[in-house]
Structures are given as structure tokens and as C-alpha cells.
Amino acid sequence: MLKQTAESSDRNRVLHLGDDKSLVDLGTFNGLMHGHKGGSLDLSFSWDGAKQFTFSASVTEADSVTSVSRFAYAFDEYRFGMVAGKTRADGYRLEVRGELNIPGVTVCEGLPAPIKCYGFPPEAVRPYQNPDYLPALALEFERCFERLVYLGPLRQRARRNYGWAGSPPLDVGWDGEQTIQSLVAAKVVSSSNSSVESRVAEQMKAMGLIDSFRLRPIGRTGEYEVLAKVTQTSTEVSLTDVGFGVSQVLPVLVLCYYVPEGTTVILEQPEIHLHPSAQSELADVLINVVKNRKLQIIVESHSEHLLRRLQRRIAEGKFPATDAALYFCEMQNGASRATELQVGDDGFIKNWPNDFFGDEMGEVAAIAEAGIKHRRSRTG
């Protein structure tokens with residue numbers, strides 16, 4: 001939501017809750033709030049940029065109008081923000097804490113509304129002799145979300161041909177629609193990313209999905225096709241003629257190797273349509289790019305195989321437990337709760353949720369018992 005708000009061209013839209021063309025569609029402000037009862041939406045997060053920044057804001061809605069009650073940036077001992085007056089006619093007040101060698105007043109009142117939920121209007125900048133300082137904070141906010149990409153749970157089906165107009169995409173798109181264009185751009189435009197295609201091919205082979213994979217231009221039309229071999233002796237065919245799981249995991253792999261180092265990647269169900277062994281191997285891919293490409297990856301998954309491989313790598317000392325944070329989400333008394341799972345250096349989870357992956361031992365025991373009864377019925 002904050003990413004699409006930052007990328008929106010509407011400076012007066014406090015929050016971009018979404019539509020059918022956005023990353024996420026959260027409906028109305030009231031629908032976003034717990035219990036649909038309205039109130040204040042409070043946001044707070046920190047990130048590392050030129051410094052370590054903390055941003056906080058409160059957003060409310062009254063008479064179907066969404067507005068910012070307050071927002072502020074903090075770093076070191078400094079704090080810069082805006083606070084709404086008691087009435088709309090009072091406007092906003094600029095608040096500055098800490099000395100930054102900027103002469104002039106430190107409090108201004110009667111200011112217009114902020115830009116979106118995080119930006120200072122020009123009237124807030126004018127009291128200072130350095131007018132670029134406050135806008136620079138908003139720019140840092142936007143850069144933070146430029147380094148965040150999202151891939152949804154259902155990716156587009158493979159096609160036989162893909163066109164490329166010559167512009168490198170920022171990422172593969174929220175449903176993977178720019179996956180092949182990203183591969184082409186990495187191969188043609190960016191020499192630093194020239195190995196993306198080979199890395200993706202290596203990982204798909206390691207996952208047991210295909211034996212080989214390559215891009216091929218179709219004449220001089222700007223069109224490309226993706227060819228693959230399922231086994232070493234198989235005939236090379238179009239991506240559309242191999243398993244559906246390949247087209248679903250391809251955007252995941254391309255995204256992990258295409259985006260710049262330091263990016264935060266949000267993945268929903270990256271393991272969808274993969275067999276258990278491939279799901280385990282996918283965990284190794286994610287671990288690899290976290291360690292070697294300095295990515296932060298946020299995964300929503302139901303895959304036991306992916307989790308077990310992560311636990312194994314922690315136990316083997318190949319991935320520190322301190323670099324992983326696991327959360328189990330469940331409904332309790334009408335509210336969604338996220339419980340952090342405690343993972344030790346041995347890979348074991350100390351507060352494992354009951355029956356999260358079903359009663360595995362119970363199922364095995366029930367199968368054995370049923371088998372004994374079946375044999376007895378046949379012999380006796």
C-alpha cells in the first residue's frame with residue numbers, strides 16, 4: 001500500500017488503497033480497519049538509507065475524507081514532522097526537534113495539508129535557508145519503496161512469443177508479466193546482469209524441473225521465444241509445452257537474480273505448483289540470494305518442504321538462525337495474530353504450533369493400524 005502510494009501521481013491522495021491495476025486492492029479506508037469500525041491507522045517503520053530513519057504517521061477518515069493527523073521523520077536526535085490542528089481551518093503545524101544549523105523558526109502554523117501521507121508542502125520548506133532539506137526526507141521515503149518489489153501468488157501462463165520494446169523493466173511485475181522482458185534486458189542491456197539467464201537455468205535444473213533453458217530471438221522483429229529441454233535427450237520445446245510449475249516458478253527465480261542488491265522482495269506462495277523436492281530446492285535458492293545478493297525476502301507460504309529445508313540449513317550452520325524470522329498467523333477471538341516462532345541454532349522450533357502441518361505421526365499410525373485390520377480381515 002505504501003509503495004503504490006509513493007508511486008501514485010496524485011499528490012493529494014493520502015493513501016492509495018488500490019484498484020484493479022495496482023499491486024494490492026484494500027478497498028475503502030473503513031474496510032481496511034479492524035472490525036470495519038474506523039479509527040486511526042497508525043504506521044511506524046525504520047529503514048537504512050543515508051542514515052537509519054524512522055517514519056511514523058497516523059491517518060484518519062471523517063465524513064468520507066481521509067486525512068493525515070500527523071507524520072514525522074526521526075534520525076539521530078532530530079525529528080521533523082507535521083501535526084494537524086484541531087479543525088481543518090487551523091491547517092497543519094510544522095514541528096522540528098533538534099538543532100541542524102538551519103536558522104529560522106522551528107514551528108510554523110496554518111500550513112496546507114501534507115503531500116500524500118509523508119511529504120512536506122512547499123509552505124513548510126520556505127522558513128529555512130536550505131529549502132532542499134525537508135523534500136529530501138520525502139525523497140528518502142520514496143527511495144525506500146523503490147527498493148521493494150512484490151510478486152503475487154498466481155503468475156501468468158507461459159506464451160510462445162514475447163515482445164520487447166527495448167526498455168529494461170524495474171522488476172518482473174506483480175503477476176510475472178515482465179519476466180521474459182527482464183531476462184532479455186539482463187542479456188542485452190545490462191552487462192552486470194548478463195548471467196541472470198544462466199543462473200536461472202542452473203537453478204531450474206537443480207530443482208529437477210528441466211535440463212536446459214534459453215532465450216532465442218525470432219528474426220529481427222524484437223520478439224523472443226523461450227525454449228527448454230525437460231531431459232538431456234529430450235527435444236527442445238517452447239516453455240508452453242513443459243510443466244505448468246515451470247512457468248509459475250520462473251518469475252520467482254528471475255526476480256531473485258534480476259533486482260539490484262539490497263532489494264526487499266515480497267513473495268506470495270513461491271512454491272505453488274511445484275512438487276515437494278522442488279519446493280525444498282527453492283528454499284536453497286532463497287537462502288543463496290539472501291546471502292550472496294544481500295536481498296531481504298519476505299515469504300508467505302504453506303510449504304512444509306520449504307520450511308524443513310530452511311531448518312536443515314540452520315542446523316548445518318549454513319544459514320544463521322538470527323537471519324531468519326518465522327511467524328505463524330492464526331485467528332484468535334476474531335483477530336489475526338502473528339506469533340514469532342523461536343528457532344534455535346539446531347534448527348528446531350521451540351514453540352511449534354499444534355497440527356500446523358497436520359498430525360503427521362497420527363496419520364502414519366492410522367495407516368499402520370488400518371493396514372493391520374485389513375490384513376486380519378483377509379486372513380480371518
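**Reading accessibility, salt bridges and helix packing**

Modeller: D241 has a relative accessibility of 44% and therefore counts as partly exposed. The classes are buried for under 20% relative accessible area, exposed for over 50%, and partly exposed in between, with a 1.4 Å probe and protein chains only. This is a predicted model, in which local features need pLDDT of at least 70, side-chain atom pairs count only at pLDDT 80 or more, and totals for chains, interfaces and linings use all residues. Residues are numbered from 1 along each chain as its sequence is written, and side-chain values use heavy atoms, with hydrogens and water left out.

Biologist: With which residue does the side chain of D241 meet in a salt bridge?

Modeller: In general, a salt bridge is a side-chain nitrogen of Lys or Arg within 4 Å of a carboxyl oxygen of Asp or Glu. Here the partner of D241 is R160, at 3.0 Å from N to O. The two residues lie 81 residues apart and link distant parts of the chain: D241 is in the loop between strand 11 (237-238) and helix 7, and R160 is in the loop between strand 7 (148-151) and strand 8 (162-163). Helices (H or I, at least four residues) and strands (E, at least two) are DSSP runs, numbered from the N terminus. R160 is partly exposed, its relative accessible area being 46%.

Biologist: How many salt bridges does a search of the whole structure find?

Modeller: The search finds 15. One of them joins the side chains of R312 and E316, at 2.9 Å from N to O. R312 has a relative accessible area of 42% and is thus partly exposed, and E316, at 36%, is also partly exposed. E316 forms a salt bridge with R313 as well, with the closest N and O atoms 2.8 Å apart. R313 is buried, since its relative accessible area is 13%. Through shared partners, salt bridges join E281, D284, R309, R312, R313, E316 and K318 into one network.

Biologist: At what angle do the axes of helix 6 and helix 7 cross?

Modeller: Axes are lines fitted to C-alpha atoms, for helices over the stretch in contact, and angles run from 0 to 180 degrees between N-to-C directions. For helix 6 (residues 196-206) and helix 7 (residues 244-258), the axes come within 10 Å and cross at roughly 135°. The two helices are therefore oblique to each other; angles under 35 degrees count as roughly parallel, over 145 as roughly antiparallel, 65 to 115 as roughly perpendicular and the rest as oblique.

Biologist: Is the crossing of helix 6 and helix 7 left-handed or right-handed?

Modeller: A crossing is left-handed if the near helix is turned anticlockwise from the far one by less than a right angle, and right-handed if clockwise. The crossing of helix 6 and helix 7 is right-handed. Contact means heavy atoms within 4.5 Å, and V196, R199, V200, Q203 and M204 of helix 6 make it with V246, L250, L253, V254, Y257 and Y258 of helix 7.

Biologist: At what angle do helix 5 and helix 7 pack?

Modeller: Helix 5 (residues 179-188) packs against helix 7 at about 35°, with the axes 9 Å apart. Helix 5 passes helix 7 in a left-handed crossing.
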